[in-house]
Every structure is written in C-alpha cells, then in structure tokens.
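Please look over the sequence and the structure shown below before reading on.

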Amino acid sequence: MTEPVVDVHLEADHAARALASDARTGLAASPKTLPPKWFYDARGSDLFEQITRLPEYYPTRAEREILGDRASEIAATSKAHTLVELGSGSSEKTRLLLDALRSAGTLRQFVPLDVSRTALTDAAAACAVDYPSLKVHGVVGDFTEHLALLPGEAPRMVAFLGGTIGNLLPEERAKFLGSLRDVLEPGEWLLLGTDLVKDAETVRVAYDDAAGVTAEFNRNVLHVLNRELGADFDVDAFSHIALWDPVNEWIEMRLRAEKAMQVTVPALGMTVSFDEGEELHTEISAKFRREGIAAELADTGFELTRWWTDTAGRFGLSLSQA
Ligand code: AVJ
C-alpha cells in the first residue's frame, strides 16, 4: 500500500486565528453573524453525519441516488486521472466515484481537501487501504483559500458535493467558481451537487427536524466559541431557527437569544450583548434551479455538459468542463 501524503495548509494556529478573526468581525456586525465552517469540530461533524440520516434531510440520499445511477457515466465522460474532493464529507459518495473511475481504468490519484485535519487523515488512510494502487494526497485547507495548491495529474475532476456551494452568498459563489476555473486547465471537470428549489415546507423541515439534531448542530458553534475562545455563551439560552427566504431562495439558520445576555469572549477581549429575541445568523443554504446554476457556471467559464436529478427532482448534479 502507498502511504497517503497529507499537506497541511491550515496550521492549528491558522485555524485559531481565522476563528478569532471571524468571531471578532461577526459578533460586532449587525445582524451578528458566524460563518458555517465553524460548526465542524469533531462533535459538529458527528452531528452532521446524524443529520444525513434523518428522515427530513433528503439532500444526502437524493445525491447518493444520482451518484449510484450515474457514477459510471461520470467516469466514462470525464476519464479523470485525479479525483479531487472539496470538503470531502461522506466517504460513501466518494467511493461510488472512485469505484467507477477505477472500473473505467483512468483513476490514478485521489486528493481529498477538508478543513478538518482529523476528518482528512481518517479519509485518506481509509482510502489508501481500500484502493491499494491509488496515490492519496490529502490537503488540509479551506476551499475558498487553497485551490491554487491542488495537486494531481490532469485531467482532474473536482467534486464539490452535498450542496455545500449553497453555503456561499451569490458573490462568494462567483468568486469561488472563478478561482476554481482559474486553477483548472481547459478540459478539466467540475462535478457539482446543488440542492434544488422545491416547496418551502419540505426544505424548512430538512433544517428543523423533529428530533432536534439540526438544532444541536446549530448551537454547536457556540460550544466551539466557548472552548476555542474561552467565551461563556449560555448555549441552552439560544433556540434554533430555520427560515425559508422565498426571494433569495435560501434557508437561513439563526440562533435566537431567549433572554438578554452579556457574553464575554476573553480571547477577543470582547463583551457582546444580546437583546432578548436577538438573532445570530449562522448559515444560509441556497437552493438552485437548473437555469440559474448553468448561468453561474457559464459566467465563470465553465460549460455545463451533463445534468442529472434524482427521480423525485429534489437535487441536481452537474458535470461541467473548464
Ligand atoms: C453540509 C453544507 C451541505 O447546507 O444542507 C445541514 C449543512 N446545515 N443542516 C446544508 C447543514 C443544516 C449542509 N451542508
């Protein structure tokens, strides 16, 4: 077996500084905001795994259905030598792609990129065992910052699955797609998962499940600030909110302060006041339409070559060429 290589572009103190900087800016803003990437410590990643198995949370199952049906077509079309996976979440979906590329006979290298060093190391090690002839080159990094450093032999296929692109605001999406286009050679591929616009209630309950797992996931960001920045958020005094915004066609998650509170954040030398009922914004998760995402891809220099949805039409998977 070839030992996996792991490049670390996010040193522990880089992550700590980035969190401090995001919290400093976000807690001073109006409305108060924290970026969703800070949900994913070990507990948050575990809560997200639980979310993917909830009856209300359809995107993971819908995307898996598409990949199960289309992986060999994706492999035959792309003939990729390298699979790059951004935010390499569930290894199950990755395996559908790795298996198909291996059967197509083109697969040589796998490059998972994730902000979480532990998630990355585990994924890289598991793949190195199960795909003995595969070169695994993990990158610990942030997909909005470290694209230029992506290794791998062309043609590469960059998979960005799960609908995570929906966590970016439209202008951030354009910037992200543009920088990805810039690091790819003409002819290389983007496999993009996008959750689709559908009736508001189906989307809303996917982000506000009956068992309360999403609520715990949302509140987890406050535990992260308590641990990493020495903050004293009374986590249970914040309630989970999931709101469908019909104009922007995105879900917004917020944390509502159920009483007036003063929170001290020693690492930032800050005291933050919350009014009763004040809402801290923690995530948007945009939902897409085929024409909209095709236009965003075209605007950033990608050509959408293939488009698939699950049978219920809930989730879209596109294969585009740089
Ligand atoms: C992992 C970013 C795709 O936006 O649906 C799940 C995160 N947030 N439930 C999403 C999430 C609330 C998820 N992504």
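**Briefing on the predicted model**

The largest nonpolar core has 60 residues, and those with the most contacts inside it are Leu83, Val84, Leu97, Val158, Ala159 and Leu191. Helix H3, which spans residues 59-78, gives the most to this core, contributing 6 residues. A second, separate core is made up of 24 residues, among them Val224, Leu255, Val265 and Leu280. The model is a predicted one, and the points below should be read with that in mind.

**Within the largest core**

- Leu191, one of the residues with the most contacts inside the largest core, touches Ile74, Met157, Val158, Ala159, Leu317 and Leu319 when residues up to four places away in sequence are not counted.
- Val84, also listed among the residues with the most contacts in that core, has Val111 in strand E3 as its bridge partner.

- Strand E2, residues 82-86, and strand E3, residues 109-114, pair in the parallel sense over 5 bridges.

- Another open sheet has 3 strands in the order E7-E8-E11, and the pairing here is antiparallel.
- The edge strands of this sheet are E7 and strand E11 (279-286), each pairing on one side only.
- From one strand to the next, the twist in this sheet averages 20°.
- Strand E7, residues 238-245, pairs with E8 in the antiparallel sense over 8 bridges, and along this pairing Ala242 stands opposite Met253 in E8, while Asp245 stands opposite Trp250 in E8.
- The hairpin of E7 and E8 has 4 residues between the strands, and in this hairpin Glu249 takes a positive phi near 55°.
- Helix H8, residues 213-229, lies across E7, E8 and E11, and its direction is at about 115° to E7.

**Arg254 in strand E8**

- Arg254 lies in strand E8, which covers residues 250-257.
- Is Arg254 buried or exposed? Arg254 counts as buried because 20 other C-beta atoms lie within 10 Å, and the cut-off for a buried residue is 20 or more.
- Once its neighbours within four places in sequence are left aside, Arg254 is in contact with Ile241, Leu243, Glu279, Leu280, His281 and Thr282.
- Of these contacts, His281 is 27 residues apart from Arg254 along the chain, yet the C-alpha atoms of the two residues are separated by 4.4 Å.
- Leu280, another of the residues in contact with Arg254, is also included in the second core of 24 residues.

**Around the ligand**

- Which residues are found around the ligand? They are Ile51, Pro59, Gly162, Gly163, Thr164, Gly166, Asn167, Tyr207, Thr214, Glu283 and Ser285.
- The residues of this shell divide into 3 nonpolar, 7 polar and 1 charged.

Technical notes. Residues numbered from 1 in each chain as written. Predicted model: local features only at pLDDT ≥ 70, side-chain atom pairs only at ≥ 80, totals over all residues. Near = placed C-beta within 6 Å. Nonpolar A, V, L, I, M, F, W, Y, C, P; charged D, E, K, R; others polar. Core = buried A, V, L, I, M, F, W, Y, C linked by C-beta atoms within 7 Å. Buried ≥ 20, exposed ≤ 12 C-beta atoms within 10 Å, placed from the backbone. Helix = DSSP H or I, 4+ residues; strand = E, 2+ residues; numbered from the N terminus. Contact = placed C-beta atoms within 7 Å. Pairing = 2+ DSSP bridges. Axes fitted to C-alpha atoms, helices over the stretch in contact; angles between N-to-C directions.
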